[in-house]
Amino acid sequence: MIGDRIKAMPAQTNTSRDVVVVTGACGFIGAHCTHLFARERWRVLGVDRRRPAPGASVRPTLDGFLQDELVSINGLADLLAREKPRALIHAAGPANVEQSMRDPRGDFLAQVLPWLTTLEAVRRASPSTRVALCSSAAVYGAPDTYPICETTPARPISPYGFHKVVKEQMLSEYVSLHGLTGSAARIFSTFGPGLDQLAVFDIARKARKGELTLEGAGNETRDYLYVEDVAAAMRTIAVSAPGAGEAINVASGVETEIADLARRIAAYFGTSDARISATGRIAEGKPSRWRADVRQLAALGFSPSVPFATGLERTLDWIAEHAR
């Protein structure tokens with residue numbers, strides 16, 4: 001039910017603790033954001049359309065929770081009016097390019113309507129709250145030049161990417177016309193414990209069986225940033241970015257070839273003698289190469305704390321324990 005509270009949100013009594021609201025708190029990035037803010041002693045309030053499940057692959061760390069689909073603004077506006085959070089991380093919405101190709105209307109509704117509800121709730125109830133949108137490098141499509149900087153034209157090649165552009169434009173509207181403070185984080189590729197989809201997970205499941213058939217050509221590249229660092233980048237942007245509606249790349253700035261990723265994963269599972277092959281089928285809506293210019297993020301004082309190899313080992317440890 002929209003607005004159903006499954007964990008009480010008592011009135012804030014410790015005014016020394018900053019408050020953050022994380023929408024999509026039960027999702028992969030959202031949950032890891034709650035962990036980071038909790039470790040840093042923020043009061044963390046989560047919003048999600050579903051309850052935190054006891055058996056979920058990743059669970060949020062929360063001081064309070066609002067179950068809300070973010071269709072009506074009432075539930076979130078009430079929360080914001082009461083708590084007056086310093087920051088809001090918007091991590092709600094699907095993250096599936098293939099599904100957006102199959103059902104573009106469904107992706108639009110699931111992406112854009114909750115974001116509009118969030119912006120309007122902030123405008124009405126807590127306009128001083130700093131907003132950080134989890135956007136995506138999918139807005140760039142398949143650029144011709146690298147590294148990809150924030151001034152690279154947005155030319156998405158999937159409905160998912162187009163809808164992220166729409167969300168960034170909505171942020172600009174609310175900053176320009178309604179005085180909100182907010183930034184868009186263009187997240188490239190992430191991975192970590194709890195993510196049971198995308199390349200690292202899919203290759204690991206195959207490698208455990210001695211199978212190393214890759215989708216695509218195998219020479220595609222991605223710019224990976226471990227999820228704990230993505231959460232730290234979101235915190236940095238929420239707290240330190242200008243908040244004038246600007247976009248900021250969130251990535252490592254380093255390309256990893258998918259075939260090399262497969263070799264690393266195979267070595268972990270002891271199947272490195274398996275032959276790597278590729279289907280040659282290029283996934284619709286996905287670019288062949290990604291490498292970000294991360295100077296804007298670095299200028300805010302952010303630098304990754306988890307090396308790629310360390311993050312990969314932690315992720316594969318989790319997959320070995322939890323994935324079938």
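**The largest cavity**

Guide: The largest cavity has a volume of about 60 Å³, a volume being the space filled by probe spheres set on grid points that are joined across faces, edges and corners. This is a predicted model in which local features need pLDDT of at least 70 and side-chain atom pairs count only at pLDDT 80 or more, while totals for chains, interfaces and linings use all residues. Residues are numbered from 1 along each chain as its sequence is written, and side-chain values use heavy atoms, with hydrogens and water left out. A cavity is a set of points, on a 1 Å grid over the protein atoms alone, where a 1.4 Å probe fits but cannot get out.

At least two lining residues come from each of strand 8 (189-191) and helix 6 (198-208); helices (H or I, at least four residues) and strands (E, at least two) are DSSP runs, numbered from the N terminus. Helix 6 contributes the most, with four residues. By class, seven lining residues are nonpolar, four are polar and none is charged. Here Ala, Val, Leu, Ile, Met, Phe, Trp, Tyr, Cys and Pro count as nonpolar, Asp, Glu, Lys and Arg as charged, and the others, Gly among them, as polar.

Definitions and conventions. 1 Å grid on protein atoms, 1.4 Å probe; cavity = no way out; pocket = protein on both sides within 12 Å on 5 of 7 lines; lining within 4 Å.
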